[in-house]
Amino acid sequence: MAHAMSDDQVAGELKKMTAFIRQEALEKAKEIQIKADEEFAIEKSKLVRQETSSIDSQYEKKFKQAGMSQQITRSTLANKTRIKVLSARQELLDDLFEKARAKLADYSKDKGKYQELCKNLILEGLYALNEDKVLVRARKEDYDVVRKAIEGAKNEYKKSLNGKEVKVELDEKNPQPEGCSGGVSIVGGGGRIDINNTLDERLKLLETDALPMVRESLFGKNVNRRFVD
């Protein structure tokens, strides 16, 4: 038969139960706190990694942009400098040929040298045409010199080609136009072929053919040039 518990015994049991429940609550709270701290640490680490990765990505992007911007700036400056240098060189070359063009008319003042030049220009046309009859056109003021040059060219042509004759006439009906600096044109093929050996035309050819050589003489060899004219 069970005995009824005294008030003190009841109070003691309640105190034990309260202590047990309190201990359980404290342990549970501690577990929750530990788990919360772990989850916080994990989340914090995750956020830190994300932010670090974002910062690294932004830095790398800005670094690349800065590098590209610097390359573009350098390239732009290099191109501008190159254009200025090329422009200055071209101006110098243009001035050089312009001065040469201005002196062309002076070449005919020395009649002896000018006659020899005209003879060689006519002879060059005779060899190129290889015809029995040709016309020579010259400036009106050069007719006397060119007539002598024609005779010299005919004789040299005959001598070099084992006596082959060629008829060369001065075309006084079609003189060289006003402003021509001198030289001659040799016309063959019944008027269809015109070899322009005037001084003005020869200078134009020189500008095209000798330009690379003149450029190299003035400015040196271009080490970046892959192809040669």
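Predicted model: local features only at pLDDT ≥ 70, side-chain atom pairs only at ≥ 80, totals over all residues.
Residues are numbered from 1 along each chain as its sequence is written, and side-chain values use heavy atoms, with hydrogens and water left out. Local features need pLDDT of at least 70, side-chain atom pairs count only at pLDDT 80 or more, and totals for chains, interfaces and linings use all residues.

**Exercise 1.** State which elements the protein has and in what order they run.

*Solution.* Step 1: assign helices (H or I, at least four residues) and strands (E, at least two) as DSSP runs, numbered from the N terminus. Step 2: count them, which gives five helices and four strands. Step 3: read the order from the N terminus, α-α-β-α-β-β-β-α-α.

**Exercise 2.** Describe how α2 and α3 pack.

*Solution.* Step 1: two packed helices are described by the angle between their axes and the distance between the axes. Step 3: helix α2 (residues 111-129) meets helix α3 (residues 143-160) at about 50 degrees, and the axes lie 8 Å apart. Step 4: that angle makes α2 oblique to α3, since angles under 35 degrees count as roughly parallel, over 145 as roughly antiparallel, 65 to 115 as roughly perpendicular and the rest as oblique. Step 5: list the contacts (heavy atoms within 4.5 Å); α2 contributes residues including Y114, C118, I122 and L126, and α3 contributes residues including V146, A149, A153 and Y157. Step 6: sort the contact residues into twelve nonpolar, three polar and four charged. Here Ala, Val, Leu, Ile, Met, Phe, Trp, Tyr, Cys and Pro count as nonpolar, Asp, Glu, Lys and Arg as charged, and the others, Gly among them, as polar.

**Exercise 3.** Find which residues of α2 are buried, and what phi N130 takes just after the helix.

*Solution.* Step 1: apply the cut-offs for relative accessible area: buried under 20%, exposed over 50%, partly exposed in between (1.4 Å probe, protein chains only). Step 2: the buried residues of α2 are Y114, C118, K119, L121, I122, L123, G125, L126 and L129. Step 3: just after α2, N130 has a positive phi of about 55 degrees.

**Exercise 4.** Locate E172 and state whether it is buried, partly exposed or exposed.

*Solution.* Step 1: E172 sits in the loop between β2 (167-170) and β3 (183-188). Step 2: its relative accessibility is 42%, so E172 counts as partly exposed. Step 3: leaving out residues up to four places away in sequence, E172 touches Y143 and R147. Step 4: the C-alpha atoms of E172 and L135 are 9.5 Å apart, although 37 residues separate them along the chain.

Terms used:
Axes fitted to C-alpha atoms, helices over the stretch in contact; angles between N-to-C directions.
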